[in-house]
Amino acid sequence: MGSGLFFFVVGPSGSGKDTLIEGAKAALGPTGRYVFARRAITRPADAGGEAHEALSVDQFDAVLAQGGFLIHWEAHGLKYGLRATLLDDMAAGRHVIANGSRAMVAALAERVPHLVVVEITAPEAVLAERLKGRGREGAENIAARLERKVPPFPESVTVIQVPNDSTPRAGIEKFVAALVAQTARLRLVRMAIETGRRNVAFLARGNTVVAAPDYLGPGRVDLIGEGRSIRAEVALVGDALLPSDAVGLSSEAFGALGLPEGAELVLTRTPVPESRAALRRKIQGATLDEGAYAQVVGDIVEGRYPDSEVAGFLVAADRSLSDDEVLALAKVRAKFASRITWDEPMVVDKHSMGGIPGSRITMIVVPIVAAHGLAIPKTSSRAITSAAGTADAMETLARVDLDSAEVRRTVERARGCIAWNGRLSHSALDDVMNAITRPLGLDSTRWSVASILSKKLAAGSTHVVIDLPFGARARVKGAGEAHEMARLFEQVGAGLGLTVEAIPTDGSAPIGRGIGPALEVRDVLWVLEDHSEAPPDLKEKALFFASRILAWDPAVGPDRARARAEELLASGAARAALERIVEAQGRWSEPVRPARLTHTVTAQNDGQVSDIDGFAVAGIARLAGAPLDKGAGIDLKARVGDVVRAGDPLFVIHASTAADLEAAAGAALAFDGYGIMMDGKAFRRINPER
C-alpha cells in the first residue's frame, strides 16, 4: 500500500479552519481512510476552541526531547506540536488532516513524503466580521491581524486553495471535495498515440482510482504532479491497454507535462470558467466590453472550454462585432502575445488580407524600405489554402523560423526581415482559434482586423500599411466591403496607438506570373534586378506600397516618396538589401528552383483572356505539390487582356513527381480557370462546383 497524503490546513484567523476540519471529520472519518490529527497545545483542555491534547510546558518539552513531535512551533505565547505517530498512519495508507501554521510548511515538507497544503481563504471583510463576532479582540488587534504579512510557500510544495466566504455548509462541501480530489493519485503512462494540438488523457474503463466513465464529455480535467500540470480531455480505453491505477497521456501531452513515467498525478475536473456568463451572452447576441473579452479569451487560451463552446462563441463573433468590440478584442489579444520592443522612433510594417495568387510584393517592399533605412520587421504566415504564403516563398532563399531574438538581430544587421510568425507567439489565441474556425469555414473580416492589428502591436510596429485586395474570388468580395474594412482598420489602429493606412486594391486577377514559392520568388528577383521579363503589375504594386511607407519618413514625405522608392529599386540598393536580409536570417547553400517536370495547358479556342480564376489556378498549383514542395506551382503565360489562339500556352505546371504533375494536369483539363472571349461570346471549361 502506498503512503497516504499529509493535508496541512493553513489560513488566517477567521478563515474558519476549525469549522471546515470538523465538517470534514464528520463526512470522511467513517471511511477509515482519513486521520484527523489532534494538536498538542500548552493550553488547558477546557480553554475552548478546537479539541486538542492539553499538555503543560514541562510535558510538552519532555515529548519534544524524546523525539515525539513530527513538527512543533510557538504562537501567541503557546507551544504547538503534531505527534510523530502520524507518520505511521501515512505509512498505512491513511491520509492525515492537520490544522497548522503557515510558517511550518517548509519544515514539514522535509519530514513527510507527500505534503499537500490546503490554504483556506476569505475576503478581508469576511475575516474581520468573523473575528469581531468571536468577541476576543478589539478593533485595533483585528486590524493588526489582517495586515500581517505572510511568507510565500516553497515552490516545490503542492498548494490548493479553498475559498470559505459563504455559509459553513458550502465551505465544508468545497473543503471535502478538495481533499477527495487530491487523494485520487494516478500513475503516469506514456501512450504511443499522437493527437496533434489536443491534449488527451486516457483512462481504463475499469480504473480503480476514479470512476472513469464519469469524466467523459465535453469538459476538461487537470492533471497535477510535482509542481507541473496539464489540462486535457478524457478518452476511455479497454482495461487491457492501461493499468487500473494509471492515466495515459498522448505523446504531445506527455512531452508538454515533462514528468517521467510512473510519476503520481492528481486528477481533478477543470473548474467551470468564471467567464461562462459572458461567453453565453455573446452567443445570444449581446455586446461585450474589454473586461468581458479578457475573461473569455483568457479562459479559452487556458483550455477551460470544450471546443463546442468555443465554436459557438466564434460563430456569434462571426455574426456580429461592433467597432468597440473589435478594438476591445485587439487590446485583449495583444495582452496574450509575446511582445517585441524596439529602440526606434518608427517601426513600419505591411500586411495584406491575401487571397490573390502571386502577389508577393512583401519581398520587394521590405528590401526597398530596409534599403532606405527604416526598420521593418516583417513577420508573415505560411499558406493555408493558397499555393504560397510569404514565409513559404522566403524560405526558398533562407531560414524563416526565427525567434524574437533572431528577428531583433536580423533587423539590427539588415534593417528588415521576412520571418515566419509561427515561432514568435504573437498571438497565443491563434492556435486554438484556427483549429476550430478552419473546419467550420468561419472567416470573419472584423475578427481578422482585431487579430492582425494585435499582432502588429506585438511585433512592435508603430506604422502599418494594409493592402485590401477585393474581387469576386478574393477574400474581400466588393469595393464597399473593402472601404468599410479600411475605415475599421484605421479606427482600431488609432485606438491601439498605431498609425494605420488601409488601401483597397484590385484583386480580380493574379499578380505576377508565378504561383508557388519558387516561381513567385523568381518574379520577385526579376523585379529587383530589373529583368526584361519582370511582371509589370507586380513591380507597380510593390512600388505603390513601398512609397506609402516611405511617405511616413519626415525626411521624404508624400511628395518625394514614389521617386525615392523608384530610386532604391533602380539603383540595385533594394536587391542588395534583400541579400543582407537573406544572409542575416541564414542563407541556404542552394536556393530552391522551379521544379523540372512540366506540363503546358493550352487555349482551346481563339480569343482574348477576359478573366483568370485565381482560386482555380492556385488549386491546380497545390495539386502539383505547392506549397510543401516549394519548387511546384504554375507559371502563367497568358494574362488578362492577352489575345490567344487555339493551342497557345495559357500556363505551365511545374511538379517534382510524375504523380503530382498528372493530378494537376487532370484538374486543369476539367477546369483551367481561364475565361476567353471571342465575338462577345465567353468560352470556359466547365467550372465544377466548389
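**Exercise 1. Describe the open sheet of 4 strands: which order and which pairing does it have?**

Solution. 
Step 1. In this predicted model, the strands of the open sheet follow the order S21-S24-S26-S22, and their pairing is antiparallel.
Step 2. Strands S21 (514-515) and S22 (597-602) form the edges, since each of them pairs on one side only.
Step 3. Helix H23, residues 614-623, packs on this sheet and touches S21, S24 and S26. The direction of H23 makes about 135° with that of S24.

**Exercise 2. How many bridges join S24 to S26, and which residue in S26 is the partner of glycine 633?**

Solution. 
Step 1. Strand S24 covers residues 633-636 and strand S26 covers residues 649-655. The two run antiparallel and are joined by 4 bridges.
Step 2. Glycine 633 has histidine 654 in S26 as its bridge partner.
Step 3. For isoleucine 634, the bridge partner in S26 is isoleucine 653.

**Exercise 3. How many bridges join S21 to S24, and which residue in S24 is the partner of glycine 514?**

Solution. 
Step 1. S21 and S24 run antiparallel, with 2 bridges between them.
Step 2. Glycine 514 has aspartate 635 in S24 as its bridge partner.
Step 3. In general, strands of a sheet pair through backbone hydrogen bonds.

**Exercise 4. Why does the chain count as more spread out than a compact globule?**

Solution. 
Step 1. The chain contains 24 helices and 28 strands.
Step 2. For 690 residues the globule rule gives 26 Å, whereas the radius of gyration of the chain is 33 Å, well over that value; the chain is therefore more spread out than a compact globule.
Step 3. The C-alpha trace spans about 110 × 60 × 50 Å along its principal axes.
Step 4. Of the 690 residues, 51% count as buried. The accessible surface comes to about 30600 Å², and carbon and sulfur atoms account for 51% of this surface.
Step 5. Taking contacts between residues at least 6 apart in sequence, 76% join residues at least 24 apart.

Terms used: Residues are numbered from 1 along each chain as its sequence is written. This is a predicted model: local features need pLDDT of at least 70, side-chain atom pairs count only at pLDDT 80 or more; totals for chains, interfaces and linings use all residues. Side-chain values use heavy atoms; hydrogens and water are left out. Two strands pair if DSSP finds at least two bridges between them. Contact means heavy atoms within 4.5 Å. Axes are lines fitted to C-alpha atoms, for helices over the stretch in contact, and angles run from 0 to 180 degrees between N-to-C directions. The radius of gyration is taken over C-alpha atoms; the globule rule is 2.2 Å times the number of residues to the power 0.38. Buried means under 20% relative accessible area, exposed over 50%, partly exposed in between (1.4 Å probe, protein chains only). Accessible areas come from the Shrake-Rupley method with a 1.4 Å probe; for residues, only the protein chains shown count as cover.
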